[in-house]
Amino acid sequence: GLGITGPTGPIGETGPAGAKGIQGDTGPTGVTGATGNTGTGTTGATGSTGETGPAGSKGIQGDTGPTGPTGPSGNGVTGPTGETGPAGSKGIQGDTGPTGPTGPSGNGATGPTGETGPAGLKGIQGDTGPTGPTGPSGMGITGPTGPAGSPINTADSILSIEFDSHGNLELDFNSDPTLTTSSAAFLIDGNIASTDLRLGTNNARDLIFKTGGNNPVNDRMVITDAGEVGIGDMTPTSGLEVNTSMALAIQTISSNYTLTSTDNVIVVDNTSSNIEIELPNPSGITGRIYTIKIRQINHNVSVLCTSADIDDIPANTAITFDSTHNYSFITVISTGSEWMIIGGAKP
């Protein structure tokens, strides 16, 4: 039979935990035994206080309390005066006061005369006075004959160098000894407002410019009697022939620009921003040529004319070069009424 359960003995020390065995099948539930007496354990010592947790969120601010009574007035000593602040802005100027009475005249001595100022411009030349009476004939003795001079080239000799009443230079040449007149060539006018300087020949002769000597090797430029001009070529057969190196105006721009009469080749540096190039009005400048060279496309370059078409592109409409047109260029010529593209690539 089942005995009565005795009091619970003291708990022995816990032995080391054994390895966990394989869980067996759950056995049938046994009969519940009688409950033993409850043992009274001794209360353990209080553990140390844990760390303070984080502060909670700030609560809603309460209503402001009533204002306390005003305290008694203090009797402190007045502090020193602070530094003067900056001056205020100047006020509007008042009306000018009445002029005071004129003071007595001074009796100072006259100062020394100042330096003479620069001479004024030369006045217009007056009319030539009447010719005076002819003086008596001289009775001078004829001097000895001088030594013979160098031979004169009668084909190119200058017969006279004179100035007219206006100061114009007149040169008379005898460029052809078979002529009966000494006006084979001329250089006149150019010193008065009503006439231009004229240099040329009165006969069917070329006008030749020389430097460094009077030999054919010194010929530099010619205007033929037919009007053809040769530079480095003394027998031109076209309106202008150049047989030497040439230099054309060129400049680099890096901002919006309008072409002028002194431009020829424009190099566009568009590294920093888009640039617009404007062509002038083609009217009155027929034949003028411009070349616009784009160095590298970092930003767009636009070419337009506000007053005329560029080929089939209407006035005030831009030709735009973008990043697909690196190192492109465009050359245009004025027809007098529009700009015509004659070279380069149009986008």
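This is a predicted model: local features need pLDDT of at least 70, side-chain atom pairs count only at pLDDT 80 or more; totals for chains, interfaces and linings use all residues.
Asp219 counts as buried, because its relative accessible area is 18% and the cut-off for buried is under 20%.

**Stop 1: the salt bridge**

Select Asp219 and show its side chain. Asp219 belongs to strand 6, which covers residues 219-223. Which residue forms a salt bridge with Asp219? The partner is Lys210, and the closest N and O atoms of the pair are 2.4 Å apart. The two side chains are also joined by a polar contact of 2.4 Å.

How many salt bridges does a search of the whole structure find? The search finds one.

Compare the cover on the two partners. Asp219 is buried, whereas Lys210 has a relative accessible area of 32%. Lys210 is therefore partly exposed, since its value falls between the 20% and 50% cut-offs.

To see what else surrounds Asp219, show Ile208, Phe209 and Met234. Along with Lys210, these residues touch Asp219 when residues up to four places away in sequence are not counted.

**Stop 2: the whole chain**

Zoom out and switch to a cartoon view. How many helices and how many strands are there? The protein has zero helices and 17 strands.

Of the 347 residues, 17% count as buried. The accessible surface of the protein comes to about 27,900 Å², and carbon and sulfur atoms hold 53% of that surface. Among contacts between residues at least 6 apart in sequence, 36% join residues at least 24 apart.

**Stop 3: a nonpolar patch**

Select Ile231, Leu240, Val242, Met246 and Leu248. These residues form a nonpolar patch on the surface, and together they have about 480 Å² of accessible area.

Keep Leu248 selected. Leu248 sits in the loop between strand 8 (240-242) and strand 9 (250-253). Is Leu248 buried or exposed? Leu248 is exposed, because its relative accessible area of 54% is over 50%.

**Stop 4: Thr252**

Move along to strand 9, where Thr252 is located. Thr252 has a relative accessible area of 44%, which makes it partly exposed. Show Val267, Asp269 and Arg295, which are in contact with Thr252 when its neighbours within four places in sequence are left aside.

Thr252 and Arg295 are 43 residues apart along the chain, and their C-alpha atoms are separated by 9.5 Å.

**Stop 5: the nonpolar core**

Select Val268, Ile277, Leu279, Ile292, Ile310, Phe321 and Trp339. These are the residues with the most contacts inside the largest nonpolar core, which has 24 residues. Several strands give two or more residues to this core, among them strand 11 (265-268), strand 12 (275-278), strand 14 (301-304) and strand 16 (329-334). Which strand gives the most? Strand 13 does, with three residues.

Within this selection, centre on Ile292. Apart from its neighbours within four places in sequence, Ile292 is in contact with a set of residues including Leu259, Ile266, Val303, Phe329 and Ile330.

**Stop 6: Trp339**

Next, centre on Trp339, in strand 17 (residues 339-344). Is Trp339 buried or exposed? Trp339 is buried, because its relative accessible area is 0% and the cut-off is under 20%.

Show the backbone of Pro280 as well. Its backbone oxygen lies 2.9 Å from a polar atom of the Trp339 side chain. Then label Ala308, whose C-alpha atom is separated from that of Trp339 by 7.3 Å. Ala308 and Trp339 are 31 residues apart along the chain.

**Stop 7**

Most residues other than glycine have a negative phi. Asp311, although not a glycine, has a positive phi of about 55°. Asn316 also has a positive phi, near 65°, and is not a glycine.

Asp311 has a relative accessible area of 26%, so it counts as partly exposed.

Methods:
Residues are numbered from 1 along each chain as its sequence is written. Side-chain values use heavy atoms; hydrogens and water are left out. Helices (H or I, at least four residues) and strands (E, at least two) are DSSP runs, numbered from the N terminus. Buried means under 20% relative accessible area, exposed over 50%, partly exposed in between (1.4 Å probe, protein chains only). A polar contact is a pair of N or O atoms within 3.5 Å; within protein, one must be able to donate a hydrogen and the other to accept it, and residues adjacent in sequence count only if both atoms are side-chain atoms. A nonpolar core is a set of buried Ala, Val, Leu, Ile, Met, Phe, Trp, Tyr and Cys residues joined through side-chain atoms within 4.5 Å. Contact means heavy atoms within 4.5 Å. Patches are made of residues with over 30% relative accessible area and no salt bridge: like charges are joined within 9 Å, nonpolar side chains (Val, Leu, Ile, Met, Phe, Trp, Tyr) within 5 Å. Accessible areas come from the Shrake-Rupley method with a 1.4 Å probe; for residues, only the protein chains shown count as cover. A salt bridge is a side-chain nitrogen of Lys or Arg within 4 Å of a carboxyl oxygen of Asp or Glu.
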